Amino acid sequence: MDRKLPPISDRLLLERALTHRSYVNEYPETVGDNERLEFLGDAVLGFLVGELLYQKYPEMNEAQLTRLRSQLVDEQQLGQLGSKLGLGNLMRLGKGAEKDRGRQNLSLLNDTFEAIIG
């Protein structure tokens with residue numbers, strides 16, 4: 001099954017969400033990197049998944065809910081999802097990150113996925 005990003009109408013915001021700090025280091029005229037959006041996306045995703053689990057599993061205690069949420073929103077899971085969405089091809093990376101296979105790096109894919117959510 002093909003997965004793709006939903007349309008994002010604000011092109012500058014999308015561009016920022018796809019821009020790694022290594023790209024900004026090489027192209028300082030760039031609007032900015034995705035780190036603040038990543039922070040926001042991480043918080044939003046944690047909240048939404050937490051709310052879903054809270055409603056779906058009323059019998060679970062706080063520790064159980066926390067463990068399940070952390071399994072669902074961990075770096076590897078989100079990195080794989082970012083890969084399936086084709087974020088590796090869309091990321092704006094500096095030459096060093098590109099050379100280090102950044103487009104396949106689950107950590108970078110996770111960060112970019114969270115920035116898109118943000």
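Me: Why are helix 3 and helix 8 called roughly perpendicular to each other?

Reply: Take the angle first. In this predicted model, the axes of helix 3 (residues 35-56) and helix 8 (residues 106-117) cross at roughly 75° and come within 6 Å. Angles of 65 to 115 degrees count as roughly perpendicular, so helix 3 and helix 8 get that label.

Me: How do you know that helix 3 and helix 8 meet, and which residues do it?

Reply: Contact means heavy atoms within 4.5 Å. On the helix 3 side you'll find Leu-37, Glu-38, Gly-41, Asp-42, Val-44 and Leu-45, and they meet Asp-111, Phe-113, Glu-114, Ala-115 and Ile-117 of helix 8. Sorted by class, the residues of this contact come out as 6 nonpolar, 1 polar and 4 charged.

Me: And helix 5 with helix 8: what are the crossing angle and the axis distance there?

Reply: The axes of helix 5 (residues 75-84) and helix 8 cross at roughly 75° and come within 7 Å.

Me: What makes up the contact of helix 5 with helix 8, by class?

Reply: There are 5 nonpolar, 7 polar and 2 charged residues. Helix 5 brings, among them, Glu-75, Gln-76, Leu-78 and Leu-81, while the helix 8 side includes Leu-106, Leu-109, Asn-110 and Phe-113. Gly is among the residues counted as polar, so Gly-79 and Gly-82 of helix 5 go in that class.

Me: Which residues touch the most other members of the largest nonpolar core?

Reply: Leu-45, Leu-87, Phe-113 and Ile-116 do, out of 21 residues in that core. Helix 1, helix 3 and helix 8 each put in at least two residues, and the largest share, 5 residues, is from helix 8. As for Ile-116, leaving out residues up to four places away in sequence, its contacts are Leu-5, Ile-8, Leu-14, Ala-17, Leu-18 and Leu-87.

Me: Is Thr-30 buried or exposed, and how do you know?

Reply: Buried means under 20% relative accessible area. Thr-30 has 13%, so Thr-30 is buried. You'll find Thr-30 in the loop between helix 2 (21-26) and helix 3. Beyond its neighbours within four places in sequence, Thr-30 is in contact with Thr-19, Tyr-23, Val-24 and Arg-92.

Me: Why does Arg-16 count as partly exposed?

Reply: The label covers values between the 20% and 50% cut-offs, and Arg-16 has 30% relative accessibility, so partly exposed is the call. Arg-16 is part of helix 1 (residues 11-17). Its side chain reaches the backbone oxygen of Val-31 at 2.8 Å. Not counting residues up to four places away in sequence, Arg-16 touches Val-31, Gly-32, Asp-33, Asn-34 and Leu-37.

Me: Where is Arg-92, and what are its side-chain polar contacts with Glu-15 and Thr-19?

Reply: Look at the loop between helix 6 (87-90) and helix 7 (95-99) for Arg-92. The cut-off for a polar contact is within 3.5 Å. The side chains of Arg-92 and Glu-15 make one at 3.4 Å, and those of Arg-92 and Thr-19 make one at 3.0 Å. Setting aside residues up to four places away in sequence, the residues Arg-92 touches include Leu-18, His-20, Tyr-23 and Thr-30.

Terms used:
Residues are numbered from 1 along each chain as its sequence is written. This is a predicted model: local features need pLDDT of at least 70, side-chain atom pairs count only at pLDDT 80 or more; totals for chains, interfaces and linings use all residues. Side-chain values use heavy atoms; hydrogens and water are left out. Helices (H or I, at least four residues) and strands (E, at least two) are DSSP runs, numbered from the N terminus. A polar contact is a pair of N or O atoms within 3.5 Å; within protein, one must be able to donate a hydrogen and the other to accept it, and residues adjacent in sequence count only if both atoms are side-chain atoms. Axes are lines fitted to C-alpha atoms, for helices over the stretch in contact, and angles run from 0 to 180 degrees between N-to-C directions. Angles under 35 degrees count as roughly parallel, over 145 as roughly antiparallel, 65 to 115 as roughly perpendicular and the rest as oblique. Buried means under 20% relative accessible area, exposed over 50%, partly exposed in between (1.4 Å probe, protein chains only). A nonpolar core is a set of buried Ala, Val, Leu, Ile, Met, Phe, Trp, Tyr and Cys residues joined through side-chain atoms within 4.5 Å.
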